[in-house]
Amino acid sequence: MNIQLPQFSEEIVDRVLEKCEFLIEYKYWDTISETELHSWIENFETKEDRYLAAIILDSIIFRNKKSISTFGANIFQIIIPQFLSELKIYEIDSIESWEKSLRSPECRNLPIRFSAIENVDRYPAKSSSSIFRDLTDYFNKQIGIICTELATLPEHIKCVVFFDDILGTGSQFETFVKKYQLDKSHLNFLYIPLAAIRESVERINTMYSNIKVYPVEFIDPSCSFFSGSSPLMNFNEKEHSAEFLSVYTNICKKNNIKLKNSKGRGDNALTYIFHHSTPNNNLALLWYEDENWTYLFKR
């Protein structure tokens, strides 16, 4: 499909690439190199394809390792203390004493445990486990558990907190709840994805009496790539998201991208990346890899 691109479109592509190179050089994008960036760009052949690639790059929300640490402060200083207080599980005198107790050898006396969401195939999800490891700076590993221990926790445990990278459609979490019958447990569960689609959070929070979802940040509809919110899609006095969806679909077809949904799980079409993983709600062209396609970010 031919789109009448904006004037100086090639210069726009170059400026976006230059910006990405700076993000890599200054280690904000801390998991890829300039070589990997340019190898990915080489996947795109025509002017329209390369302009689409530039829009994708310009739309990326990247959460590096330092960002995860900042999220951790929000989780342990605000979200968890508020939750425990609201349910009268544990009252925190001060953030300083609370953080000290989480790291102390006596931490096992606290009525809380931490875990990572498992995949439905029984193994810990790679992304959730990575988040768990990133957050262990905030608590003693003695109060970390695996999901098979849920049924044998001591009586003084009242709450289990699950960490995850992203809550998309929510279907995987619902399968996890069903597998471990969390909704039938006497325990309270706090599910903390670092990011979540607001609609899914609201739906899940009405489904269970003993499970609550508190994400660190929300992903709104405007974050979906083809929502038309990108300024680079708005030119010549028109918004071109439908045309670029056709370009995207054509790139997937001609490169034989072997996926059921190339726009990501649930058609979320995100460009939201963590330093350790790329959620499958993201555009496939960011993370897909085979003999025809070089990925930018690891799945």
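This is a predicted model: local features need pLDDT of at least 70, side-chain atom pairs count only at pLDDT 80 or more; totals for chains, interfaces and linings use all residues.

Analyst: Start with K298, which counts as exposed because its relative accessibility is 57%. Residues are numbered from 1 along each chain as its sequence is written, and side-chain values use heavy atoms, with hydrogens and water left out.

User: Where does K298 lie, and which residues does K298 contact beyond four places in sequence?

Analyst: First the terms. Helices (H or I, at least four residues) and strands (E, at least two) are DSSP runs, numbered from the N terminus. Contact means heavy atoms within 4.5 Å. K298 sits in the segment after α10. Leaving aside neighbours within four places, K298 contacts S277 and T278.

User: Is S277 buried or exposed?

Analyst: S277 is buried, because its relative accessibility is 2%. This serine lies in the loop between β9 (272-274) and α10 (284-287).

User: What joins the side chains of S277 and H276?

Analyst: A polar contact is a pair of N or O atoms within 3.5 Å; within protein, one must be able to donate a hydrogen and the other to accept it, and residues adjacent in sequence count only if both atoms are side-chain atoms. The side chains of S277 and H276 make such a contact at 2.9 Å.

User: Which backbone oxygen does the side chain of S101 reach?

Analyst: That of W98, at 2.7 Å. S101 belongs to helix α5 (residues 95-103). S101 counts as buried because its relative accessible area is 16%. Not counting residues up to four places away, S101 touches C107 and L110.

User: What does P215 touch beyond four places in sequence?

Analyst: I79, P193, A195, A196 and V201. P215 lies in the loop between β5 (211-213) and β6 (217-219). At 11% relative accessibility, P215 counts as buried. P215 and L232 are 17 residues apart in sequence, and 29 Å lies between their C-alpha atoms.

User: How should I read phi?

Analyst: Most residues other than glycine have a negative phi. F8 has a positive phi, near 65 degrees. K88, not a glycine either, has a positive phi of about 55 degrees.

User: Where do F8 and K88 lie?

Analyst: F8 is in the segment before α1 (9-25), and K88 is in the loop between α4 (65-86) and α5. F8 is exposed because its relative accessible area is 51%. K88 is exposed too, because its relative accessibility is 72%.

User: How many helices and strands does the protein have?

Analyst: The protein has 10 helices and nine strands. Buried residues are 54% of the 299. Of the contacts between residues at least 6 apart in sequence, 69% join residues at least 24 apart.

User: What does the radius of gyration say?

Analyst: The radius is taken over C-alpha atoms, and the globule rule is 2.2 Å times the number of residues to the power 0.38. For 299 residues, a compact globule would be near 19 Å; the protein has 21 Å, which agrees. Along the principal axes, the C-alpha atoms fill a box of roughly 65 × 40 × 35 Å.

User: How many positive and negative side chains are there?

Analyst: Lys and Arg count as positive, Asp and Glu as negative; His and the chain ends are not counted. Each charge is placed at NZ of Lys, CZ of Arg, CG of Asp or CD of Glu. There are 33 positive and 41 negative side chains, and the centres of the two sets lie 6 Å apart.

Key. Buried means under 20% relative accessible area, exposed over 50%, partly exposed in between (1.4 Å probe, protein chains only).
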